[in-house]
Amino acid sequence: MDLRKFARAPALWAAAALAAAGLGAAYWSGGESGGGAAYRTARLDRGAIVASVNATGTVNPVTTVLVGAEISGRLVELLADFNTPVKAGQVVARLDATQIAARLDSARADLAQARAELAIREAQVERTRADIDRARAQTADARAQLARNEALLADAERTLERQRDLQARGVAATATLDGAQAQARAQRASRESARAQIDQAAAQQAGLAADLRLTEAQVLAARAQVAGREAFVRQVEVDLERAEIRSPVDGVVVQRAVELGQTVAASLQAPTLFTIASDLTKIEIYANVDEGDVGRVRAGNDASFTVNAYPGRTFQGRVKNVRLGSQTIQNVVIYTAVVAAENPDLALLPGMTVNLRIVDERRDDVLRAPAAALRWRPQGSTAAGGAPEGGNPFQAIVERGVRDFADQIRNEVKPTADQQRQIDAILADMRAQLERVGASDLPPEQRRQRFVQLRQQAGERIAGLLTPEQRPAFDAIRRRAAQSRQQGQAGVAGRLWVVGANGEPEAVPVRLGASDGNFTEILAGAVEAGREVIVGGGPRPGASVAPSTGPFGPRMF
């Protein structure tokens, strides 16, 4: 062992210890060194802002028809398959119709028998009517005979009276008187016989009338039976037609659920045999839109979308409607937006997953700021409710707007003293809420919606205090405010931070418009294109506190 090297070892260890001490001292004093940290900045520029809603959905045909079997039977022919183009009325499958044809023959035979029975009943009606006519003629003849007999009886009675007078005078012979009496009796008998014949003819006529009514009722029953047999024949004919499965629309077969020889049973519901999509050159996309974004999706909005099958291709569409029915998926309320699109080359297939971008608002050539510039705040600035150090930069804007609103109410509506106290309280509450929202970290679009809600709520509360005579003036004030916002003087309050002359961040109040997530439109404010704004950097909270580890491992003290 070299004792000289060992002797020099303490000196080496001492030097190493001094070096380590120097490094440690330099490391732990880094957080306490003077000088402010640098700020990262970006320039404001002019460009386009496209506010949009992202969603996912699926491709669906405009019309999808489920073709089923209305009768049971065995499939003996399949005339369409997957992707087969079909026309309306085209036969796509046939069921075994042997039994149906036999039923049809039997039904037609029963119908012929019923029609023959009807013909018999109708002939009986004609015969009965002829009998009635004959009975009427007999009745008329009997009445004529009665009239003749009555005339003869009257003549016989006059002759009898003359013979009696002559015999009483002794002129007529007894035999002549007896003959006259016999003739009178014979005529009386003939009259009674004629009367009996009339009664008999009347009774026969009444019986024939009853027979006629019975026969006519039998005719009606026979006609009803014929109608029933005809309906049954038509039903069997319809079943025979249903043995041929036809396409109800022009389209293409996208699903086939049966095989040749399979028996389908249509007992409680019609089994589906084919799914036919009509005209795939026009498709609809059912997009799932979150409830937080559904207010920004309206009919007529432009939409662009992509599918995984064509990564480099973008398709265009337009929102058709937003369905009112919702569904809850994992505690998230989802609405369905229907987007219509053209598919001339049939590239989009039913069921494809779609990534949608629905355009809510578009601004071209506007002054815009990076989103990071609106999110950044210096150390000590309050994010959500209280005022930052140095005061809330939105306070002046909010106070000026509320003050102008209050002056218009006071001068035009002329509220009473009690009304004015309540209105002042409502406006003070609205001003405080507007300041809190303006100083929050909410995205610009959400802040704008919240501002609109607060203004509407305050307006309704004030309107509830006014009399019917005061309401028109207040409504006019609200209309002017709405027109002013529509003319571009609206937007939401925001603030940008710039590096001041002393190197410290200074707040610049601005009015913000549309946002696409990366950039936000600046409607008003003391900034212009090319202005440098702070997007990050600067001293961080606790920067002067020594870290918990050093270059040689964890600190022990």
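Thr215 is found in helix α3, and in this predicted model the residue is well covered: at 6% relative accessibility, Thr215 falls under the 20% cut-off and therefore counts as buried. Who does Thr215 touch, once residues up to four places away in sequence are set aside? The partners are Arg121, Gln124, Val125 and Thr128.

To place those contacts, look at the helix pair. Helix α2 covers residues 98-168 and helix α3 covers residues 174-242. Their axes come within 5 Å of each other and cross at roughly 165°. That angle is over 145 degrees, so α2 is roughly antiparallel to α3. As for handedness, the α2 and α3 crossing is left-handed. Sort the residues of this contact by type and you get 33 nonpolar, 21 polar and 24 charged.

Now for α2 by itself. This helix has 71 residues, and its first and last C-alpha atoms are 104 Å apart. At 1.5 Å a residue you'd expect 105 Å, so to speak, and the model comes close to that. After α2 comes Gly170, with a positive phi near 80°.

Running over residues 417-438, α6 has 22 residues and reaches 31 Å from first C-alpha to last, close to the expected 32 Å. Which residues of α6 are buried? Among them are Ile423, Ile426, Leu427, Met430, Leu434 and Val437, and the list also includes Gln419, Gln420, Gln433, Glu435 and Gly438.

Arg461 is found in helix α7, residues 444-463. Is Arg461 buried or partly exposed? At 44% relative accessibility, Arg461 sits between the 20% and 50% cut-offs, so it counts as partly exposed. Leaving aside neighbours within four places in sequence, Arg461 is in contact with Ile426 and Asp429. Leu427 is 34 residues away from Arg461 in sequence, with 9.9 Å between their C-alpha atoms.

Over to the strands. Val289 lies in strand β9, which spans residues 272-290. With a relative accessible area of 2%, Val289 is under the 20% cut-off and so is buried. Beyond neighbours within four places in sequence, Val289 is in contact with Val53, Ala55, Val294, Val297, Val333, Ile334, Tyr335 and Ala337. Thr336 is 47 residues from Val289 in sequence, yet the two C-alpha atoms are 6.1 Å apart in space.

Strand β9 also holds Asp279. Here the backbone is worth a look: most residues other than glycine have a negative phi. Asp279 isn't a glycine, but its phi is positive, at about 50°. With 40% relative accessibility, Asp279 counts as partly exposed.

Asn331 is another non-glycine residue with a positive phi, in this case near 65°. Where does Asn331 lie? Asn331 is in the loop between β11 (315-329) and β12 (332-342). At a relative accessible area of 77%, Asn331 is over the 50% cut-off, so it is exposed.

One more loop residue, Asn83, lies between β3 (73-78) and β4 (85-86). Its 60% relative accessibility makes Asn83 exposed. Even so, Asn83 touches Val252 and Val253, not counting residues up to four places away in sequence. Val253 is 170 residues from Asn83 along the chain, while their C-alpha atoms are 5.0 Å apart.

| Pair | Apart in sequence | C-alpha to C-alpha |
|---|---|---|
| Val289 and Thr336 | 47 residues | 6.1 Å |
| Arg461 and Leu427 | 34 residues | 9.9 Å |
| Asn83 and Val253 | 170 residues | 5.0 Å |

Finally, the chain as a whole. How many helices and strands does the chain have? There are eight helices and 19 strands. The chain has 557 residues, and 33% of them count as buried. Of the contacts with a separation of 6 or more, 76% are between residues 24 or more positions apart.

Key:
Residues are numbered from 1 along each chain as its sequence is written. This is a predicted model: local features need pLDDT of at least 70, side-chain atom pairs count only at pLDDT 80 or more; totals for chains, interfaces and linings use all residues. Side-chain values use heavy atoms; hydrogens and water are left out. Helices (H or I, at least four residues) and strands (E, at least two) are DSSP runs, numbered from the N terminus. Buried means under 20% relative accessible area, exposed over 50%, partly exposed in between (1.4 Å probe, protein chains only). Contact means heavy atoms within 4.5 Å. Axes are lines fitted to C-alpha atoms, for helices over the stretch in contact, and angles run from 0 to 180 degrees between N-to-C directions. Angles under 35 degrees count as roughly parallel, over 145 as roughly antiparallel, 65 to 115 as roughly perpendicular and the rest as oblique. A crossing is left-handed if the near helix is turned anticlockwise from the far one by less than a right angle, and right-handed if clockwise. Ala, Val, Leu, Ile, Met, Phe, Trp, Tyr, Cys and Pro count as nonpolar, Asp, Glu, Lys and Arg as charged, and the others, Gly among them, as polar.
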